[in-house]
Amino acid sequence: MEHVRTYEVDQEIPSLCKHMKQERITLFEQSGGYMVPTIHTDVEASKKITGLDVPMASGRMSLSFATECLRRFFGEDVYNRSGVVDLRFVRPVRHGDTVTVGGKILSVVQEPNGRRVTIELSIKNQNGDTTAAGQGSAVVPSGFFPQE
Amino acid sequence: MAEPSTQLLDWDAIRIGDALPSYEYVLTQEMLDKYRQSVEDPEARFPTISVKEDTSSFYRKYHDVGSVNARCTFYCYNPPTPGTRLRVNAWIADKYMRRGKPYIVTEAVSVDEQGRLIDRVITHELKRPSEVGRKWNT
């Protein structure tokens, strides 16, 4: 029974913390093939296009952090095959910020091959301001639950 | 972002359901390594997140003044294997005005050489990026 997992509504998931550095914000863009200056990597591009004095990290970095947080919670066997994350980006994240992903279980719903566990997610910066919010979920196979 | 072969975005002319250019790329080990380093997650399996497959396809057809990601949804189906070629199919999923600001929603799916569905991504982009600086520059 070592593989039995329990999921209860309002259960908090372990949080995940990341310290933002411009080198990694830039590397994120480069990893995807974006080598030209952008609003994420270049001060002048940022000023010209968004009006921000410093570049902001791609929202997809926050998406990646949420993905990691959920994968650690569900396990890669479950999350990498059925995981979903849906985030609204509400405040820029920039070099020097520390962001923390957290959440709690919103619902556990029966599906044909298991139960979809949905997490209410939020990402906050070092000031406690929300930078992104949304939901994530995965379908946990029936075999992981105790027999009823 | 402007490319000679792309057309200037006309928000009014964009139609929901319009196909965006399909394309292929090889997901390399270097891309995976850089992605993992950038997000400090050595177990990360979806470097396709930083490829931005949907908006990459969008900018193969259009150029504009830039945009800002307002919302993004990412579905994991099968982790891609480094060294394999992925094919991306993308389209305009929606467009809308919210609080007087224009948004375009792009959607893409990627499939590997074996026909395995890798991921699906949906992005809501604010097409008036100067709004960000107006609100958040301090």
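**Notebook: strands, core and chain contact**

I began in the sheet of chain A, where Gly103(A) has Leu121(A) of β4(A) as its bridge partner. Helices and strands here are DSSP runs numbered from the N terminus (H or I, at least four residues, for helices; E, at least two, for strands). I noted that this is a predicted model, in which local features need pLDDT of at least 70, side-chain atom pairs count only at pLDDT 80 or more, and totals for chains, interfaces and linings use all residues. Residues are numbered from 1 along each chain as its sequence is written, and chains are lettered from A and ligands numbered from 1 in the order in which they are written.

**Entry 1: the strands of chain A**

I followed β4(A) both ways. Strand β3 (residues 98-111) of chain A runs antiparallel to strand β4 (residues 114-124) of chain A, with 11 bridges between them. Strands count as paired if DSSP finds at least two bridges between them. The hairpin from β3(A) to β4(A) passes through 2 residues. Next I looked at β4(A) and strand β5 (residues 130-141) of chain A, which are also joined by 11 bridges and run antiparallel. Leu121(A) came up again here, opposite Gly134(A) in β5(A). The hairpin of β4(A) and β5(A) has 5 residues between the strands, and Gly128(A) in this hairpin takes a positive phi near 85 degrees.

**Entry 2: chain A as a whole**

I counted 4 helices and 5 strands in chain A. Their order from the N terminus is β-α-α-α-α-β-β-β-β. The C-alpha atoms of chain A fill a box of roughly 60 × 30 × 25 Å along the principal axes. Of the 148 residues in chain A, 42% are buried. Buried means 20 or more other C-beta atoms within 10 Å of the residue's own, exposed means 12 or fewer, and partly exposed lies in between, with C-beta atoms placed from the backbone. I also checked contacts between residues at least 6 apart in sequence: 63% of those in chain A join residues at least 24 apart. A contact needs C-beta atoms, placed from the backbone, within 7 Å.

**Entry 3: two domains**

Chain A is assigned domain 1 (1-20 + 57-143) and domain 2 (22-56). The bounds come from an automatic or database domain assignment. The C-alpha centres of these two domains of chain A lie 26 Å apart. Their contact takes 8 residues from domain 1 of chain A and 9 residues from domain 2 of chain A. On the domain 1 side, I found 5 nonpolar, 2 polar and 1 charged. Nonpolar covers Ala, Val, Leu, Ile, Met, Phe, Trp, Tyr, Cys and Pro; charged covers Asp, Glu, Lys and Arg; the others, Gly among them, are polar.

**Entry 4: the core**

Which residues touch the most other members of the largest nonpolar core? I listed Phe65(A), Ala66(A), Cys69(A), Leu70(A), Leu87(A) and Ala138(A), out of 59 residues in this core. Helix α3 (residues 59-74) of chain A gives the most to this core, with 8 residues. At least three residues come from each of domain 1 and domain 2 of chain A. Such a core is a set of buried Ala, Val, Leu, Ile, Met, Phe, Trp, Tyr and Cys residues joined through C-beta atoms within 7 Å. I then took Leu70(A) and left aside its neighbours within four places in sequence. Leu70(A) is in contact with Tyr79(A), Gly83(A), Val85(A), Ile119(A), Gly136(A) and Ala138(A).

**Entry 5: where the chains meet**

Strand β2 (residues 84-89) of chain A and β4(B) pair in the antiparallel sense over 5 bridges. The contact takes 36 residues from chain A and 38 residues from chain B. On the chain B side, the elements giving two or more residues are α1 (29-39), α2, β4 (68-76) and α4 (130-136). Of these, β4(B) gives the most, with 9 residues. I sorted the chain B side by class: 20 nonpolar, 10 polar and 8 charged residues.

**Entry 6: two positive phi values in chain B**

Lys52(B) is not a glycine, yet has a positive phi of about 55 degrees. I placed Lys52(B) in the loop between α2 (48-51) and α3 (53-58) of chain B. Is Lys52(B) buried or exposed? Lys52(B) counts as buried because it has 23 C-beta neighbours inside 10 Å.

Arg99(B), also other than glycine, has a positive phi near 50 degrees. Arg99(B) sits in the loop between β5 (85-98) and β6 (101-112) of chain B. Arg99(B) has 5 C-beta neighbours inside 10 Å, so Arg99(B) counts as exposed.

**Entry 7: confidence**

Chain B has a mean pLDDT of 94, with 96% of its residues at 70 or more. pLDDT is the predictor's confidence in each residue, from 0 to 100. For the model I noted ipTM 0.95 and pTM 0.95.

Note on methods
Contact = placed C-beta atoms within 7 Å.
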